[in-house]
Structures are given as structure tokens and as C-alpha cells.
Amino acid sequence: MSVSATPSMASAAVRARMVQRLAAQGVADARVLRAMGTVERHLFVDSALVNQAYEDTSLPIGLGQTISKPNVVARMIELLLGAPALANQPEERLGRVLEIGTGCGYQATVLSHVAREVYSIERLRGLHERARVNLRPFRLATVHLLLGDGMIGYAKGAPYAAIIAAAGGESVPQTWIDQLAVGGRIVAPTQSAAGGQALVVIDKTQAGLQRSVLEAVHFVPLKSGIA
Ligand code: SAH
């Protein structure tokens with residue numbers, strides 16, 4: 001009888017190496033490392049790119065858009081889990097999360113492992129439909145894929161424990177702040193003073209908003225309207 005590794009065993013080993021790399025790069029949250037080790041990233045990219053699925057690189061997903069690098073996905077979700085309402089609760093899940101920019105649905109799937117409910121909005125019909133196909137086999141009852149303009153958020157799911165943007169705008173729209181729960185956190189790439197993009201974290205506390213600007217990043221632009 002043959003004892004050769006099945007493709008899924010092989011992908012588990014490659015994924016485990018990716019998780020080790022993420023940890024070495026500074027991702028420390030066990031919830032994030034577990035989720036990154038679970039979700040099969042290769043199932044979200046074109047078959048021609050499967051061999052690069054676990055490399056530290058962003059990849060094209062069609063219609064001029066890209067799936068973010070694994071370490072950017074992990075870093076942003078780790079930041080979300082640092083929301084004030086979850087402080088010092090290393091095993092707790094986030095409540096409802098809103099994701100702007102579903103793309104291929106990879107990050108929404110990772111989020112479903114650390115949050116109770118995920119609402120993910122995409123403005124491009126082709127990608128929204130592709131994400132539906134990608135997610136179908138996982139039967140994730142807690143992930144809601146929506147076609148719409150994420151600039152106006154999604155009022156029906158509000159208030160959110162966390163909001164994460166996968167596309168960068170000039171500033172964080174007021175609607176996102178309005179739809180965020182007290183104790184919640186927004187993590188979004190936003191145009192920086194220097195002309196590039198930086199990750200911005202906004203915490204909503206009883207005392208008001210707290211805004212921090214973190215490292216430089218490179219995301220596709222946040223655009224309004226549906227196409
Ligand atoms: N999280 C995705 C990354 C997708 S790239 C993944 O895991 O694959 C960012 C996505 O944001 C693109 O698909 C782009 O079409 C979408 N986008 C840009 N502006 C948007 C908006 N206003 N509302 C919803 N989606 C938007």
C-alpha cells in the first residue's frame with residue numbers, strides 16, 4: 001500500500017511552515033496563528049498560483065484586485081483582537097465583524113475562526129460571486145457575503161465589535177465609526193500625510209475616539225459604488 005502524502009497533508013505541512021514564519025515575524029496571538037493554520041489559502045487562488053499560496057506575497061485574484069499577504073492578514077486580525085472590549089481575554093472571540101472588500105473570501109474565512117459573525121461587503125459583482133463559490137464547500141453559517149458599497153458600511157449588522165478594511169481610502173468614513181460598538185476597533189489602510197498608505201487603528205471608548213497610525217502598507221484603493 002502506498003504511504004505517499006495526500007495533497008491535503010502536503011498543504012497542511014506548508015501551512016504549518018507559514019504559521020512558523022508568521023510567529024517569527026512577530027504574530028503572537030494564538031487565536032490568529034490557529035486560524036491561519038486552519039484556513040486552506042490555496043483553495044482561494046487561481047490554480048496556476050497554488051504553489052505560491054503560502055508564500056509571503058500578495059497574489060492577483062482577478063479584476064485588478066489582490067489577496068493580501070498572509071502576514072498582513074494576520075497582523076490586521078491580531079490588531080482587531082486587541083479591541084478595548086477584548087483586552088486581557090486571550091481566548092475570547094470577537095462579536096460581529098464587518099469586512100470591507102471580500103475579494104476572494106480568504107480573509108472573511110480566517111475571520112470566521114476568531115469572530116462569532118462576519119459580514120463581508122464587496123463592490124465588484126464578479127468577485128462577490130467568486131467568493132460565494134469559494135466559500136460554499138466550507139458551509140460557514142456565520143459568514144454573510146454582501147454585494148454593496150462598503151463605504152457606507154452595512155447598517156443592518158451594526159453595531160460591530162470590529163471593522164476591517166482590505167482597501168485603502170483617503171480617510172476612515174464616518175459611517176464606519178457610527179456603526180462601531182463602544183469598545184470596538186477599526187483597522188483600515190488610510191492615505192498618510194507622506195502620500196503613501198498607513199494602517200490606522202481607531203478605538204471607540206466611553207471617553208471618545210482614539211486614533212493611532214501604524215506602519216506603511218500597500219492596499220488596492222477603496223472605491224465607491226458597485227460595479
Ligand atoms: N480580503 C480580501 C482582499 C481583497 S482586495 C481577500 O481575502 O481576498 C480588496 C477588495 O476591496 C477588492 O476586491 C475591491 O474590489 C474591494 N473594494 C474596494 N472598495 C470597496 C468598497 N467601497 N466596498 C466594498 N469593497 C470594496
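Helices (H or I, at least four residues) and strands (E, at least two) are DSSP runs here, numbered from the N terminus. This is a predicted model, in which local features need pLDDT of at least 70 and side-chain atom pairs count only at pLDDT 80 or more, while totals for chains, interfaces and linings use all residues. Residues are numbered from 1 along each chain as its sequence is written, and side-chain values use heavy atoms, with hydrogens and water left out.

**Shell around the ligand**

- Among the 27 residues around the ligand, those that come nearest are Thr66, Glu122, Asp149, Gly150 and Lys223, a residue being near if one of its heavy atoms lies within 4 Å of the molecule.
- At least two residues of this shell are supplied by each of β2 (65–67), β3 (94–100), α4 (106–112) and β4 (115–122), and the largest share, three residues, comes from β2.
- By class, the shell holds 14 nonpolar, eight polar and five charged residues, where Ala, Val, Leu, Ile, Met, Phe, Trp, Tyr, Cys and Pro count as nonpolar, Asp, Glu, Lys and Arg as charged, and the others, Gly among them, as polar.

**Polar atoms at the ligand**

- A backbone N or O atom of lysine 223 lies 2.6 Å from a nitrogen atom of the ligand, and a polar side-chain atom of glutamate 99 lies 3.1 Å from a nitrogen atom of the ligand.
- For glutamine 107, a backbone N or O atom lies 3.1 Å from an oxygen atom of the ligand.
- The protein buries 99% of the 580 Å² that the ligand exposes when taken alone, with accessible areas from the Shrake-Rupley method and a 1.4 Å probe.

**The β8–β9 hairpin**

- Strands β8 (residues 197–205) and β9 (residues 208–217) pair in the antiparallel sense over eight bridges, pairing being assigned if DSSP finds at least two bridges between two strands.
- Two residues lie between β8 and β9 in this hairpin, and lysine 204 has leucine 209 in β9 as its bridge partner.

**Backbone geometry in loops**

- Most residues other than glycine have a negative phi, and most peptide bonds are trans.
- The peptide bond from alanine 158 to proline 159 is cis, with omega near 0°, and proline 159 is placed in the loop between β5 (143–147) and β6 (160–165).
- Leucine 63, in the loop between β1 (59–62) and β2, has a positive phi, near 50°, in a residue other than glycine.

Note on methods
A polar contact is a pair of N or O atoms within 3.5 Å; within protein, one must be able to donate a hydrogen and the other to accept it, and residues adjacent in sequence count only if both atoms are side-chain atoms.
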